[in-house]
Amino acid sequence: MADQLLLQLTNISRDYGAIQALKGATFEIGRGEIMGLVGENGAGKSTLVKIIGGFDTGFTGEYFYDGEVRHFGSPTAAEHAGIAIAQQELSLIPTMSVAENIFLAGDGVPQIASKGLLGKKAKPFLEEVGLGHINPMRVTNRLSVGEQHLVEVARLIAHNPQVLILDEPTAALGETDSIRILDMVKRLKDRGKSVIYVSHRLDEIFKICDRVTVLRDGESQAPRAATDMDVNALVELMLGFELGDMYPARKPITRETPTLRVRDLWPDGILEPISFEVYPGEILGLAGQLGSGTSEILGAMTGSTKSRGGTLHYNGEEFMASRPKDAIRRGIAFCSEDRKHDGLFLGRPIMENLSAPAIETISRNGLLNGAKERASTTENAIKFTVDPKRLPQEAGVLSGGNQQKVALGKWLSISPKVILVNEPTRGVDVGARAEIYQILRDLADQGAAIVVASTDIQEITNLPDRIISFYRGVRIGDLQLDEMTSANILEQITDPFHEAGIAVSEKAT
Amino acid sequence: MTDATAMSGDDLNFIQRIRRDYSPLVIIMVGLFLFVFVAGATLTDDFLTWFNVKTIIRDAALVGIMAIGLTFVTLSGNFFLLSMKEIAALSIICFATLMGADWNQWGPADGDPTTSALMTTFLVAFAATMIIATITGAMQGALIGLGGNPIVVTLGAAGLFFGIGSWWSDNLVVSYRRPHGAEWLGTGSFIGDIPNITVAFIIIAILAELTLRYTTFGRQVYLVGANRAAGRATGHENFGMAIKCCIIASVCAAFVAVAFSGQVSSAHVNYFSSEFGSSGDMTIMVIAIVMVGGNSIMGGYGSTLRTSLGAIFISSIDNMMVLNGFNSGARVLAVGLMIVFSIIVFALVRRGSRAVE
């Protein structure tokens, strides 16, 4: 396969002012090959993808496509040549039907087409991505996020591309949706398409990729066959050094008096009120796929999601937060899963981000104390290995991993006793991931009670000390440390009632 | 900021230093500002006289103070108050009506009232006007804070305030006798020949900038404006923020109304619709200043200092055009072009900085 190269880039360099994003990188992909593209945040993956797709034209180096030297002037030119990119962010129009979205560009269908005709034309493309069961006339926003990603790919396939670039297609997806994406990629390969698969989830890379290209600091490593490597070897290539064990060691925990008792919390998306305790020094995991209700539980505990009822017993007090302020005042921090939405002030300096929850503590009589702010944010920046020199920069210029560190790090400013984290490492590279795990573990060791909700099966198996699992709003079970295997957890969060042969609704009643 | 950007500044020349320390937007705006002044000074004989400079700043003062108030609303991510001129209209009617009321019980029954009687009248009228402005601001702020669309809320409020003012004054000019207690603010000057309203503009500009930079409230304005959801998640709700910012804008509008009334010893609900500024419409003028100053419409980026400079900039251009004999239509056109231009520059610069990431 590899001897029949479809796309070849050699000695590609690209700089943005003082920052050199790519330094003589090389990339190739054969016909009908799945090439994994991995690297830490800031390694140059996005830049390379943009260059391949014609979004970025200011590079130097050779670009061969289908045996010819090309230099695409625009994404449209690249698309006509058969190179399509599925971006991380969905670009579907949510209020239009699936079929209308697929033919949004208007080619391949008559100028005037009835909805029925569009639907009929859309059907084969939907089948190709594994959405054959979906009615093409359905409004797109009624589909799950995973299904929407598949529709996005279906739209690209409608142009019959030769190379399809998938940029972290599963970053926002749960386990089952991810599997659908992977199945689809394999089907595309069987039909002779080439796929460039960019992902932070290394297990996926090994599951589907033929070869893997690693980028590190803008330089590429020669592509290697996925079968010749294991996860550790790959991580080593990405980082340039050995990572050791990514997950910090757990210490034995004595569970005597809980820091926080949750009683009869009942947010939307959860079928019956739930109660649980969190003890000082432990990391409690809430395991569940997207839509299992774990996000809503964390949100309801701090008043950012509505709850039908329930109370928190904390610090000798019984209360229910009706807005995040109520929780913050008591020292309960909640780091949400979507840092761009409500985790960061992207246009404001990193320093202001880090001190945002604790403005009161760095000011007196309504006046900010600049020295105090600088001191406390510098301390937290160092804890999260964010360069304190960057404090005056806008948070938006940071890479995803560093952004997540700031989003999480800002909560240290209120010295929280309870820390709730939803998806602590979404879209974060391996190196930053290990750091975040270590920081969470250190905080727990210092006596904080931590609750982590995650859809990442590796993370939820290896980080917490105890797990409560959820499936579609139903609490399935509590797993202690000795029962916490990936297989156990996966069964509970994907197909818990299989053996008993009962439906979810029955269990709920 | 300078010492933290990690580059050693010794080997950079002057232009490189400026490019490092200031955003392109600031550079463009300051450059344009200088250009207008230099061009104005060379092309127009009377432009750079002490008298004319005073005139420019005095003309900028009234709209400038209003624009500074509105900047808080814009920075906090609550768009604009489209009711600025109607708030001023209601305020000026309220103020003039109370100024003209028979307060003679504090002074001799016949002859000229004493100074203290005049001041008492003024203070009562001023306080009442400010209270009304606070209420109008809080009302709009609360509706916006609850999730009302700022455009719809403030357009509705505009009709309401104008209606009340018009009804109250029977749509007539409300005038009061000179001497009165507001003359010092309207036309007086304590420091040499610098009008007091100019001094008030400068003081308000400085106070507003200090508030934004160094107070907890100012920081919250920026945070909530930069990302409302993140603001809520970190304990800064937009509800209180919208109310506070709208009150600031509303009180500034009322203050301008009082000062203007002090100049002309009268009031009419249409004073801010037709007889004011080059564009003839106070609301549009004030929004233009906020925009030309380079504040982000989306909030979270900008400052009242920029607004103040924007006011002086627009006033300079206006002044130059008057000196060169342009009619009011051409001046309105110039203001419109400046808004469009500043929006384009702003969008391009912001997009440029994104691309570099």
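**Domains and chains in contact**

User: Hi! How many residues of domain 1 of chain A are in contact with domain 2 of chain A?

Analyst: 16 residues of domain 1 of chain A are in contact with 15 residues of domain 2 of chain A, contact being C-beta atoms, placed from the backbone, within 7 Å. This is a predicted model, where local features need pLDDT of at least 70, side-chain atom pairs count only at pLDDT 80 or more, and totals for chains, interfaces and linings use all residues. Residues are numbered from 1 along each chain as its sequence is written, with chains lettered from A and ligands numbered from 1 in the order in which they are written.

User: Which helices of chain A supply at least two residues of that side of domain 1?

Analyst: Helix H6 (175-190) and helix H8 (231-239) of chain A each do; helices here are DSSP runs of H or I with at least four residues, strands are E runs of at least two, and both are numbered from the N terminus.

User: And where are the domain bounds in chain A?

Analyst: Domain 1 covers 5-239 and domain 2 covers 260-508, as set by an automatic or database domain assignment. Their C-alpha centres lie 31 Å apart.

User: Switching to chain B, how many of its residues are in contact with chain A?

Analyst: 24 residues of chain B are in contact with 30 residues of chain A. On the chain B side, H9(B) gives the most, with 7 residues.

User: What is the strand order in the open sheet of chain A?

Analyst: The order is E13-E12-E15-E16, with antiparallel pairing; a pair needs at least two DSSP bridges. E15 (residues 311-314) and E16 of chain A are joined by 3 bridges, and A:Leu312 has A:Phe319 as its bridge partner in E16(A).

Conventions
Contact = placed C-beta atoms within 7 Å.
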